[in-house]
Amino acid sequence: MRRTSASLIAGALVATLAWSSSPATAVDPSPGITDLTTDINQILADNRLTIARSAVTVRSAVNGEELYAHDQGKLMTPASNTKLFTSAAAVETLGLDYRFETSALRAGRQVGSSIIGDLVLRGTGDPTMLGEDYSSLAAAVAAKGVKLVTGRLIADDTWFDAVRLGNDWAWDDEPYYYAAQISALTASPDRDYDAGTAIVSVAPSGDSVKVSVTPPNDYLKIDNRAVVGATTDVVIERQHSTNTILITGTVAEETSEWVTVENPTLYAAALFRDALAKHGVRVLGRTTAGAAPASAVSLATHQSMPLSELLIPFMKLSNNMHAEILTKAMGRKASGQGTWAAGLKVATDFAKANGVQVLNLRDGSGLSRRDGITTSSIAQLLYSVRSKPWYPVWYASLPIAGDPDRLVGGTLRSRMRGTAAAGNVHAKTGSLTGVTSLSGYVTSADGEPLVFSIMLNQYLSSSPKDIEDKIAVRLATFSRNAPNVSAQLRGGESTQEFPDLECSWLKPLPC
């Protein structure tokens with residue numbers, strides 16, 4: 001975000017540098033805290049971190065007292081821990097009852113069963129619109145007695161700007177569903193609500209490979225070069241800047257891949273046009289993008305679930321597109337500009353109003369490697385929002401360690417099983433290649449709520465997520481009044497091999 005200059009960041013870092021320590025020493029002489037400090041230092045002595053960067057902050061959630069600090073003033077790449085700021089600012093700015101609206105409007109007169117003019121499909125960013133929702137919207141238009149539209153189908157996505165991808169996103173992430181294009185008019189293939197994507201499935205069918213697409217559409221063009229084989233080793237990938245899906249390799253059993261689309265606005269319009277036809281509404285003109293005229297009359301409107309419900313798939317499954325859509329929605333509400341710049345200003349201002357000192361946001365999801373946050377900043381946010389009236393709902397959206405339910409445990413469902421942290425740690429994960437983070441809440445053995453933030457950057461070997469887990473488990477066994485002599489510095493059982501991607505991004509693999 002351009003408004004945060006290097007000099008401002010440097011100044012804030014100087015202000016917080018006194019809080020950093022490497023290695024950390026106990027900030028309180030009590031035996032419990034001394035023991036905690038020793039144990040976390042031991043965990044961070046892992047040789048995978050020898051040439052890496054690590055930062056940890058632990059505070060009491062009751063009064064903000066600092067219990068442990070290691071390099072907490074250093075600016076780190078947070079990955080999806082960025083979503084803590086985005087989600088909290090969105091709830092504060094938009095409200096838990098906020099809903100996205102998608103509307104069909106007529107831009108012309110209705111004469112009998114005909115609209116003499118254009119039909120407009122207008123969106124405000126709803127990431128939960130499914131093919132069936134566009135069908136319901138089309139049915140509602142047909143129920144108005146409309147059978148013919150003499151003009152065009154206009155796709156109105158002007159609620160947001162036309163910038164589709166984050167400025168700092170890697171170009172080679174473009175085909176993959178966790179980096180889909182952002183639009184105010186979009187569609188998702190299933191109830192994970194990965195906006196701007198479709199599911200392409202392949203399966204052996206006799207001597208050939210059968211391909212199906214969810215939702216069914218002709219917007220994507222399939223180039224199927226795969227063959228039936230003894231094993232499944234298939235690549236399903238959208239070609240750069242096109243809507244051609246190239247399928248190569250061998251297929252022995254059914255498998256699926258989530259792929260992004262080029263221009264989700266026209267993708268949504270294509271789904272709507274197909275639905276209109278199925279409901280007996282014929283549009284004579286072509287599909288085009290543009291703004292609805294001020295005189296357009298509403299025919300039907302679809303409302304999304306409230307933000308209070310959307311928080312669950314957003315945070316539990318670490319949905320990047322939800323983060324970016326909410327960022328632009330915040331900007332639209334606060335300043336009338338559905339842009340990244342406007343939305344990031346809202347998120348940054350919210351954080352600073354709640355005591356955060358160092359924050360450099362470039363997007364809402366954490367895909368950008370130019371996002372910069374300190375563990376002290378995250379801990380401050382976690383501590384501050386506990387006083388908000390919406391906190392219980394927001395807290396419930398965080399993944400819960402070891403809970404196997406996908407929409408409860410989320411990206412932590414396979415971690416810390418069989419430990420004191422299971423069912424206890426509520427925290428947001430974060431992952432990019434060479435980056436991992438874990439920040440949230442845990443209740444100590446004394447029943448004291450704690451906030452913590454762990455960020456590990458620039459490691460070169462296997463993912464050190466187990467280091468995060470060991471620290472979280474140690475916090476769950478922490479007691480102020482007695483050394484935890486029986487503490488086991490381990491992360492507990494896990495069925496995950498800690499790849500350098502969010503667990504939820506590994507569709508369709510379980511994690």
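Residues are numbered from 1 along each chain as its sequence is written, and side-chain values use heavy atoms, with hydrogens and water left out. In this predicted model, local features need pLDDT of at least 70, side-chain atom pairs count only at pLDDT 80 or more, and totals for chains, interfaces and linings use all residues.

Helices (H or I, at least four residues) and strands (E, at least two) are DSSP runs, numbered from the N terminus. Helix 3 (residues 82-94) packs against helix 8 (residues 340-353), with axes that come within 9 Å and cross at roughly 90°. Helix 3 is therefore roughly perpendicular to helix 8 (65 to 115 degrees). Axes are lines fitted to C-alpha atoms, for helices over the stretch in contact, and angles run from 0 to 180 degrees between N-to-C directions. Helix 3 contributes Phe-85, Ala-88, Ala-89, Glu-92 and Thr-93 to the contact (heavy atoms within 4.5 Å), and helix 8 contributes Val-346, Ala-347, Phe-350 and Ala-351.

The largest nonpolar core holds 57 residues. Such a core is a set of buried Ala, Val, Leu, Ile, Met, Phe, Trp, Tyr and Cys residues joined through side-chain atoms within 4.5 Å. Buried means under 20% relative accessible area, exposed over 50%, and partly exposed in between (1.4 Å probe, protein chains only). Leu-84, Phe-85, Leu-94, Leu-307, Val-385, Trp-394 and Tyr-441 touch the most other members. Elements that give two or more residues to this core include helix 6 (307-316), helix 7 (320-335) and strand 21 (449-457). Helix 3 supplies the largest share, seven residues. A separate core has 42 residues, among them Tyr-134, Leu-137, Val-202 and Phe-272.

Ser-453 lies in strand 21. Ser-453 counts as buried because its relative accessibility is 0%. Its side chain makes a polar contact of 2.8 Å with that of Ser-439. A polar contact is a pair of N or O atoms within 3.5 Å; within protein, one must be able to donate a hydrogen and the other to accept it, and residues adjacent in sequence count only if both atoms are side-chain atoms.

Most residues other than glycine have a negative phi, and most peptide bonds are trans. The Thr-214 to Pro-215 peptide bond is cis, with omega near -5°. Ser-241 has a positive phi, near 60°, and is partly exposed at 43% relative accessibility. Ser-318 has a positive phi of about 55°. Ser-318 lies in the loop between helix 6 and helix 7 and is buried, with a relative accessible area of 1%.

Notes: Parallel < 35°, antiparallel > 145°, perpendicular 65-115°, else oblique.
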